[in-house]
Amino acid sequence: MEVLAGFLEAVVRATLPLALAALGEMLSERAGFVNVGLEGTMIGGALAATVVATLAGTTTGYVAGALTGAAVGALMAAFAIGLRTNQVLTGTAVTGGALGVTALLSHASFGATGAALSVPMSTPLAVPLLTGVPLIGRALFAQPPVTYFVYALVPVTWWYLTRTATGLSLRATGENPEAVRASGPSPIRIQALALITGSALGGLGGATLVLAQAGTFAEGMTAGRGFIALAVVALGRWSPFGVAGAALLFGATSSLQYLLQALGTDVPYQVFLALPYLLTLGVLATTGRAGAPAWLGKPLP
């Protein structure tokens with residue numbers, strides 16, 4: 001029982017940054033924009049959170065991560081939406097640049113020894129009574145506060161997309177931007193704001209990697225999570241609850257190594273490290289664009 005409970009705690013921790021990034025990507029894609037630069041927003045948010053949290057505490061670090069992600073999103077919006085450059089190429093350039101710049105800045109800020117001894121981490125916030133629920137209590141309700149933000153974000157995002165005029169306009173932008181323009185709102189403004197908001201969530205996901213998991217910054221520590229988020233959105237069929245469930249599946253896959261190691265299996269751990277990426281390839285190969293917004297990846301008219 002203790003082994004299983006520990007596995008569930010690891011699943012929630014692994015799911016958290018991926019869920020934030022995937023929910024942000026879902027907002028962008030619902031508005032018709034494929035944010036391939038999500039990996040760059042995550043690594044940028046991770047470094048910003050490391051630096052700022054060291055100076056001003058974890059809460060400010062989370063804010064810095066989100067703001068850095070939003071700034072990266074604004075940069076992509078300026079090029080891909082304002083100047084109408086190719087979305088995929090723009091995102092790829094942003095990710096490559098972010099990985100290089102963060103590596104340079106981390107060496108300049110922390111040197112060869114890194115930031116492991118100086119970065120504060122979020123302390124778990126236990127929810128009274130609920131933590132006593134057998135098996136799942138501590139896994140779900142003894143987590144850092146940002147975890148509860150994600151719990152609330154999923155239904156709030158669903159409500160926004162299905163029950164508000166601005167949310168419906170965002171979805172319509174991803175399906176038929178010409179109709180949106182004819183009805184009054186600006187598809188350019190809607191898509192840009194969706195991209196910036198989604199990138200802010202990606203930056204927050206990167207901050208979570210540092211402040212709620214690793215406690216340090218390392219080059220390339222996002223390890224492809226931004227790209228995995230693209231598969232999570234497709235598997236979740238562009239629905240907030242579906243995306244959350246898909247992120248949980250990927251989190252369980254990446255945490256499986258800890259469970260099997262605790263059970264004493266002889267399977268090399270590298271096999272389990274590869275599982276999330278193999279699952280990503282499988283999802284992209286089998287789902288394709290089924291259920292995707294009709295205008296996804298196309299420049300606005």
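1. Val133 lies in the loop that runs between strand S1 (125-126) and helix H5 (137-141). The model is predicted. With a relative accessible area of 33%, Val133 is partly exposed. Together with Leu4, Leu130, Leu135 and Ile136, Val133 forms a nonpolar surface patch whose accessible area totals about 340 Å².

2. Helix H2 covers residues 38-56, and its 19 residues should span 27 Å at 1.5 Å a residue; the end C-alpha atoms are 26 Å apart, in agreement with this. Of these 19 residues, 14 are buried, so H2 is largely enclosed by the rest of the structure.

3. Tyr148 counts as buried at 18% relative accessibility, because the cut-off for buried is under 20%. Tyr151 is partly exposed, at 32%.

4. Trp158 and Phe241 also form an aromatic pair, a tilted one, with 6.4 Å from centre to centre and 55° between the planes. This pair links distant parts of the chain: Trp158 is in helix H6 and Phe241 in helix H11 (residues 240-262), 83 residues apart. Trp158 is partly exposed, with a relative accessible area of 32%. Phe241 also counts as partly exposed, at 47% relative accessibility.

5. A charge is placed over a ring as well: the charged end of Lys298 sits over the ring of Trp295, 5.2 Å from the ring centre.

Technical notes. Residues are numbered from 1 along each chain as its sequence is written. This is a predicted model: local features need pLDDT of at least 70, side-chain atom pairs count only at pLDDT 80 or more; totals for chains, interfaces and linings use all residues. Side-chain values use heavy atoms; hydrogens and water are left out. Patches are made of residues with over 30% relative accessible area and no salt bridge: like charges are joined within 9 Å, nonpolar side chains (Val, Leu, Ile, Met, Phe, Trp, Tyr) within 5 Å. Accessible areas come from the Shrake-Rupley method with a 1.4 Å probe; for residues, only the protein chains shown count as cover. A salt bridge is a side-chain nitrogen of Lys or Arg within 4 Å of a carboxyl oxygen of Asp or Glu. Helices (H or I, at least four residues) and strands (E, at least two) are DSSP runs, numbered from the N terminus. Buried means under 20% relative accessible area, exposed over 50%, partly exposed in between (1.4 Å probe, protein chains only). The expected span of a helix is 1.5 Å times one less than its number of residues. Rings of Phe, Tyr and Trp (its six-membered ring) pair if their centres lie within 6.5 Å; planes under 30 degrees apart count as stacked, over 60 as edge-to-face and the rest as tilted. A charge sits over a ring if NZ of Lys or CZ of Arg is within 6 Å of the ring centre and within 35 degrees of the ring normal.
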